[in-house]
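Visitor: Could you walk me through this structure and tell me what stands behind each label?
Guide: Gladly, let us look together.

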Amino acid sequence: LYINDLATGEEIQITNTSRNDRPRREIYKPSIYENKIIWIEKRDIENYNPYDFNIYMYDLSTKETTQITNDSRAKEGEDLFALKIYQNKIIWKDIKFGSFGDFYVYDLSTKEETQITCNSLIKTRLAFYGDKIIWQNGLTKIYLYDLTNDKNNCLNIFPNSKVIGGYDIAYNTIDPIDVYGHGTHVAGIAAGNGILKGVAPDAKL
């Protein structure tokens, strides 16, 4: 990983890895804000370990590298981690608790990690500015999370007035959302209450 200072023309090498290194290492998703550079690094690509994708930060002013996470897990090929940094906060997507991943925020000032979503929806197109975080769920919905107003509240769409409980036995979570559509189809036949009605439209699920 390198950085080039356009003002001075100086090129700085941040990481030092080689194809001959054992174990082999790979770097993903570098991002920069002011003097801080972050990236995801898998330090042993020959021995599969799903918890070996961790976030590191290099401070250009102190020339120090800090490991930010210790137990992160990425789903390769699916918007790997969605890593971003702004001001003193780092945000990323992590699937260490299964499903399609949730967003986490690390505060560099307090050294605290906070999980801000807790549902099985597919999340993409992450962006944030200040204390506002936005992302896309599926093809049609955009969510906004305010770190100031929503602090310590994990954003979830269940339970609600229709789906009052459930358990996801596929991904072992308390979030019963159906990520493939089959359960939604069955639930609609049983209790749909929109333009199309199910056999028991007033029923709770």
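**Labels and the values behind them**

Visitor: Why is Ile134 called partly exposed?
Guide: Ile134 has a relative accessible area of 37%. Buried means under 20%, exposed means over 50%, and partly exposed lies in between, computed with a 1.4 Å probe on protein chains only. The value of 37% falls in between, so Ile134 is partly exposed.

Visitor: Before we go on, what kind of model is this?
Guide: This is a predicted model, where local features need pLDDT of at least 70 and side-chain atom pairs count only at pLDDT 80 or more, while totals for chains, interfaces and linings use all residues. Residues are numbered from 1 along each chain as its sequence is written, and side-chain values use heavy atoms, with hydrogens and water left out.

Visitor: Which residues does Ile134 touch?
Guide: Leaving aside residues up to four places away in sequence, Ile134 touches Arg125, Leu126, Ala127, Tyr143 and Leu144. Contact here means heavy atoms within 4.5 Å. Ile134 itself lies in strand E12.

Visitor: What makes E12 a strand, and how do you know that E12 pairs with E13?
Guide: Strands are DSSP runs of E with at least two residues, numbered from the N terminus, and E12 covers residues 132-137. Two strands pair if DSSP finds at least two bridges between them. E12 and E13 have six bridges, so they pair, in the antiparallel sense. Lys132, for example, has Asp146 in E13 as its bridge partner.

Visitor: Why are E11 and E13 said to stand at the edges?
Guide: The three strands form an open, antiparallel sheet in the order E11-E12-E13. E11 (123-129) and E13 (141-146) each have a single partner strand, so one side of each is left without a neighbour in the sheet.

Visitor: Now to Thr117: why is it called buried?
Guide: Its relative accessible area is 0%, which is under the 20% cut-off, so Thr117 counts as buried. Thr117 is found in the loop between strand E10 (112-115) and E11.

Visitor: What makes the link between Thr117 and Asp102 a polar contact?
Guide: A polar contact is a pair of N or O atoms within 3.5 Å; within protein, one must be able to donate a hydrogen and the other to accept it, and residues adjacent in sequence count only if both atoms are side-chain atoms. The side chains of Thr117 and Asp102 are joined at 2.7 Å, so the distance meets that limit.

Visitor: Is Asp102 buried or exposed?
Guide: Asp102 is buried, because its relative accessible area is 8%. Asp102 lies in strand E9 (residues 102-107).

Key
Helix = DSSP H or I, 4+ residues; strand = E, 2+ residues; numbered from the N terminus.
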